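This report goes through selected features of one protein chain. The sequence and the structure come first, and the description follows.

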Amino acid sequence: MHSSLGRIGTLLAAPVVALGLVTAGLTLGATSASAEVFCGSHSVDGAIWTEYTQTPGVQRSLGCPTTDELATPDGVGRFQAFDNGSIYWTPDTGAHAVWGAIRQHWADLGWERGYLGYPLTDEITNPDGYGVRQQFQGGTIYWSQYSGAHAVHGLTGWWWGQNGYESGFYGYPTSDEYNEDHVGGDEDNNTGVRQDFQSGRYILYSGGQSNAFESCHTACIGYGGVTNTKWVKKTEVYMNLADQNKRSTHVTPTDAAFASTSGSDTASSDSADNWKQVWSNTLMFPHATEGEMHSTYEQLYCHASYSYPNGSGGHWGGPTWDLEAWHYDMVPYDASKALQTGCNWGE
């Protein structure tokens with residue numbers, strides 16, 4: 001947990017609780033150990049002065065002060081505005097400068113009274129050299145030229161960090177977390193949250209619903225990628241947080257994959273290529289065993305083979321091909337049993 005705090009902040013992102021100072025007669029302020037008037041107008045004092053004058057690059061980036069030190073609206077800290085940004089201070093977080101796109105996004109999220117709370121660091125250059133980040137009490141804002149500024153926090157941030165942060169599979173965030181339907185299931189009321197990343201990849205979270213996929217009957221983390229290959233539109237993987245063996249893959253086929261279930265150029269006739277398309281922009285579930293991989297491969301073949309029109313405008317097996325990792329490996333493959341069970345043998 002400690003190593004992750006340097007990146008995402010409070011990973012489970014409980015609401016930031018303001019720490020009120022209630023001692024009678026106590027004056028809140030960034031201790032006036034030093035003071036200096038800059039640009040002939042406003043005095044910069046104490047810890048804010050130290051941040052402004054002693055942290056490399058801060059004075060040059062912020063420019064001249066445009067206010068004196070002021071109390072923050074929540075009554076917890078102090079801040080001072082400058083030409084190009086601000087410095088915020090509290091007894092617990094110290095003094096840190098905020099400017100540019102990160103400051104604007106923090107402002108859009110409610111400043112220190114939003115879920116991010118106060119800054120814990122100054123702006124930091126990322127290891128890839130292309131972007132920067134700044135950590136706050138409730139999460140971290142990441143910025144790059146190609147993705148803009150977006151906050152990452154909670155379980156989404158945890159999963160993203162497990163896969164290499166901005167240098168890993170997902171790259172930089174291209175959105176903040178937002179509410180989404182059909183998370184963990186196909187129904188409109190299967191709601192959760194989603195956050196988008198580069199290359200059409202995204203991370204999902206659902207608190208769990210009884211009418212969702214089995215892996216999301218209770219809280220689950222999910223992730224997916226837009227594929228748009230010949231037979232696969234997108235692939236999503238869900239893992240139950242209480243039982244991580246409860247993992248399932250949900251493939252949304254293209255019209256071409258549904259168009260025919262017989263012939264020489266179908267998703268079932270070239271199942272190896274269909275399998276490659278499923279995983280072309282999505283990670284396989286973690287630590288997959290050979291049996292799990294073979295079973296999900298068999299289920300994919302089953303769905304592709306028997307996706308007949310159902311007479312009601314849809315297809316047998318539903319709008320997605322659901323591949324449950326906990327089904328046993330059917331050796332030898334029994335086509336009759338596969339069809340009888342709706343490609344869900346082993347339940």
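In which sense do strand 7 and strand 8 pair, and over how many bridges? The model is predicted. In it, strand 7 and strand 8 (residues 131–136) pair in the antiparallel sense, over two bridges. Ile-124 has Arg-133 of strand 8 opposite it.

These two strands belong to an open sheet of four strands in the order 7-8-9-10, with antiparallel pairing. Strand 7 (124–125) and strand 10 (148–152) are at the edges and have a single partner strand each, so one side of each has no neighbour in the sheet. Strands of a sheet pair through backbone hydrogen bonds, in either a parallel or an antiparallel way.

Strand 11 (residues 178–180) contains Tyr-178. Is Tyr-178 buried or partly exposed? Its relative accessibility is 27%, which lies between the 20% and 50% limits, so Tyr-178 counts as partly exposed. Apart from neighbours within four places in sequence, Tyr-178 is in contact with Gly-192, Val-193, Arg-194 and Asp-196. Asp-196 is 18 residues from Tyr-178 along the chain. The two values for this pair are tabulated below.

| Pair | Item | Value |
|---|---|---|
| Tyr-178 and Asp-196 | C-alpha separation | 9.1 Å |
| Tyr-178 and Asp-196 | side-chain polar contact | 2.9 Å |

The next topic is the nonpolar core. The largest one has 28 residues, of which Trp-159, Trp-160, Tyr-170, Ile-203, Tyr-223 and Trp-321 touch the most other members. At least two residues of this core come from each of helix 5 (154–162), strand 14 (220–226), strand 15, helix 6 (255–259), helix 7, helix 8 and strand 17. Strand 15 gives the largest share, three residues. In soluble globular proteins, nonpolar side chains tend to be buried together.

Tyr-170 shows some of these links. Leaving aside neighbours within four places in sequence, its contacts include Trp-159, Trp-160, Ile-203 and Tyr-223. Tyr-170 is also in contact with Asn-163, Phe-197, Gln-198, Arg-201, Tyr-202 and Leu-283.

Helix 7, one of the contributors to the core, spans residues 271–278, and its buried residues are Ser-271, Asn-274, Trp-275, Gln-277 and Val-278. Why do the buried residues line one face of the helix? Viewed down the axis of helix 7, they fall within an arc of 160°, so they lie along one face. The cover over these buried residues includes strand 15 (232–240), strand 16 (247–253), helix 8 (290–305) and strand 17 (321–324).

Definitions and conventions. Residues numbered from 1 in each chain as written. Predicted model: local features only at pLDDT ≥ 70, side-chain atom pairs only at ≥ 80, totals over all residues. Heavy atoms only, no water. Buried < 20%, exposed > 50% of the residue type's maximum accessible area, 1.4 Å probe, protein only. Arc of directions from axis to C-beta. Contact = heavy atoms within 4.5 Å. Pairing = 2+ DSSP bridges. Polar contact = N/O pair within 3.5 Å; in protein donor to acceptor, adjacent residues only side chain to side chain. Core = buried A, V, L, I, M, F, W, Y, C linked by side-chain atoms within 4.5 Å.
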